[in-house]
Amino acid sequence: GSLHFWTQDCSSQEEEKKDDDMMEEDALVSARWVANPCVTGHFRSVEDLAWDPEGEYLLTTSSDQTTRLWSEVSCVVNGKKVCRWMEVGRPQVHGYDMTSIACIGRKSNHAQSDDPTAEKEPQHRFVSGADEKVLRVFDAPASTLRLLHTLKKLRDPATPTSSSATPAEWRVERAFLPSLGLSNKATVEIDVRESNKFAGPTIPDEDLGDAIDPRAEVSMEDLKLPMERDLGATMLWPETRKLFGHDSEVVCLDSYLASSGSDAPLVASSCKAKNDVASAAIRLWNVKLGKCVGILKGGHRSTVSTLSFSRDGKYLASSGKDRRICIWKKSDHLSGEYNDSCEYQLTTAMDSAHKRIVWSVHFCPGKPNILVSGSRDGFVKLWRIVEGDDGSLDMLEMLKFEPLCKGNKKSEPVTAVSFADFISRSDDGIEYGLLSIGTECGRVEVWKVPISENDPNFDAKLVFSVPANECHFDSVKKIAWRPVGCNGDEVLSPTILTFATCGEDCGVRIFMLQVSRKV
């Protein structure tokens with residue numbers, strides 16, 4: 001499904017022209033052609049996406065059995081410097097259709113933030129799921145980190161040298177995929193020779209090293225980006241761990257990353273259910289320990305299609321084919337290191353929350369007790385989680401509305417919802433959240449929804465509707481907002497926010513939106 005772009009080497013052609021007896025046809029046959037970077041992308045449905053916790057790059061995963069890495073690349077167009085999103089890595093080339101992905105490594109101020117022996121996960125690590133029973137964990141190789149750092153310096157020359165420029169010694173230089181294998185391995189010389197023998201020519205290691213040497217001043221003209229052949233052979237990430245436990249194919253993932261404290265990242269996963277409580281269970285994983293630390297049963301009897309942790313990790317929301325939204329609460333008496341007991345307990349559930357399957361739920365980052373849900377019934381619902389004095393929870397429906405773009409249908413199924421990490425305020429103190437919505441027909445809308453308890457109106461307002469020619473032309477599978485650096489209350493000037501969408505049309509789209517914190 002890939003495209004290749006070639007340029008004829010004119011230098012060799014000039015030498016051949018010196019021979020007057022050479023026919024034009026012979027000259028074309030003997031001409032030397034050089035491969036160049038070309039337009040790349042998925043060629044089957046893009047099932048899921050996840051931003052790096054620092055917003056440095058985007059990871060997407062697809063039914064074409066690949067996971068791809070996208071980053072902003074500086075280039076010159078008509079004499080002006082612009083940034084374009086391009087595929088600069090292909091961390092995973094698998095033998096099963098990919099279904100889900102979640103990032104679990106985050107930057108820390110701790111000196112050992114990139115230490116694999118530290119309590120927390122090192123930066124640049126993700127977990128992926130596919131049409132198999134196994135979850136796989138991947139770490140970024142040193143070559144990818146140097147390339148990302150070089151791209152960042154080209155965008156902003158004032159970027160200081162970070163740990164990405166000089167990766168830790170424990171990180172491998174690059175990974176390879178052995179013949180007839182499913183697991184990316186750390187590079188060893190003999191295996192690389194075997195891999196290259198069947199994979200064909202790729203960028204030589206010395207050329208790749210020169211292009212991403214953090215000590216060298218690399219210009220946009222000198223930067224050598226990986227080509228299509230290199231993306232699937234030299235830009236793989238090594239697989240560091242497998243997580244076993246599910247009885248059927250993995251459906252969805254979500255992760256909780258603690259901003260401080262000693263809590264390790266927690267991953268929640270679900271699989272295809274067989275209409276019974278046991279197979280519809282949600283598993284909680286401590287990836288650092290490589291084991292399942294909790295099995296959440298009793299909430300659902302059919303496949304869980306969507307999961308969402310609250311920003312503070314206090315709640316986990318789940319829903320799916322049974323139209324039931326469950327809220328699992330973290331036990332107050334458990335903190336710090338995870339143990340083998342179940343840390344989340346079912347505290348409240350809303351039966352028949354929607355009339356049809358619930359495709360997506362998401363907690364508001366700025367208000368951990370605000371939840372949004374989108375369903376095949378064509379409605380978006382806003383919920384408030386109210387906690388009683390005895391620790392019990394209750395779900396209150398705050399708002400219900402439909403997207404404006406319905407086409408010729410009576411209702412347009414809502415397939416993806418996502419809150420931005422952004423809150424605006426009116427003069428009378430009413431707070432509003434920014435909510436993006438994706439539909440089955442591929443349309444994308446951004447709404448402003450009230451999230452304050454003292455708002456008497458509770459009306460949602462359309463902020464922006466992506467033009468039809470810029471939207472997907474098939475169902476939107478996932479929407480995710482790029483993490484922002486500062487969300488302080490004192491910032492009232494216009495802010496540029498970025499969100500990414502993916503869909504069944506094989507496309508990944510990235511949009512930028514200018515908003516103001518002052519309503």
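A salt bridge is taken here as a side-chain nitrogen of Lys or Arg within 4 Å of a carboxyl oxygen of Asp or Glu. By this criterion, Lys367 forms a salt bridge with Glu431 in the predicted model, with the closest N and O atoms 2.9 Å apart. Lys367 is located in the loop between β21 (358-363) and β22 (370-375), and Glu431 in strand β26 (residues 431-439), so the pair ties together parts that are 64 residues apart in sequence. Lys367 counts as partly exposed because its relative accessibility is 24%, whereas Glu431, at 12% relative accessibility, counts as buried.

The structure holds 26 salt bridges. Among them is the pair formed by Arg125 and Asp139, whose closest N and O atoms are 2.5 Å apart. This pair links distant parts of the chain, 14 residues apart: Arg125 belongs to strand β8 (residues 125-130) and Asp139 to strand β9 (residues 135-139). Arg125 and Asp139 are both buried.

A further salt bridge joins Arg509 to Asp505, with a separation of 3.4 Å between the closest N and O atoms. Arg509 has a relative accessible area of 23% and is therefore partly exposed. Asp505 has a relative accessibility of 9%, under the 20% limit for a buried residue, and so counts as buried.

Salt bridges also occur as a network, which links Asp64, Arg68, Glu87, Arg90 and Glu228. In general, side chains of opposite charge can pair when their charged atoms come close.

Methods:
Residues numbered from 1 in each chain as written. Predicted model: local features only at pLDDT ≥ 70, side-chain atom pairs only at ≥ 80, totals over all residues. Heavy atoms only, no water. Helix = DSSP H or I, 4+ residues; strand = E, 2+ residues; numbered from the N terminus. Buried < 20%, exposed > 50% of the residue type's maximum accessible area, 1.4 Å probe, protein only.
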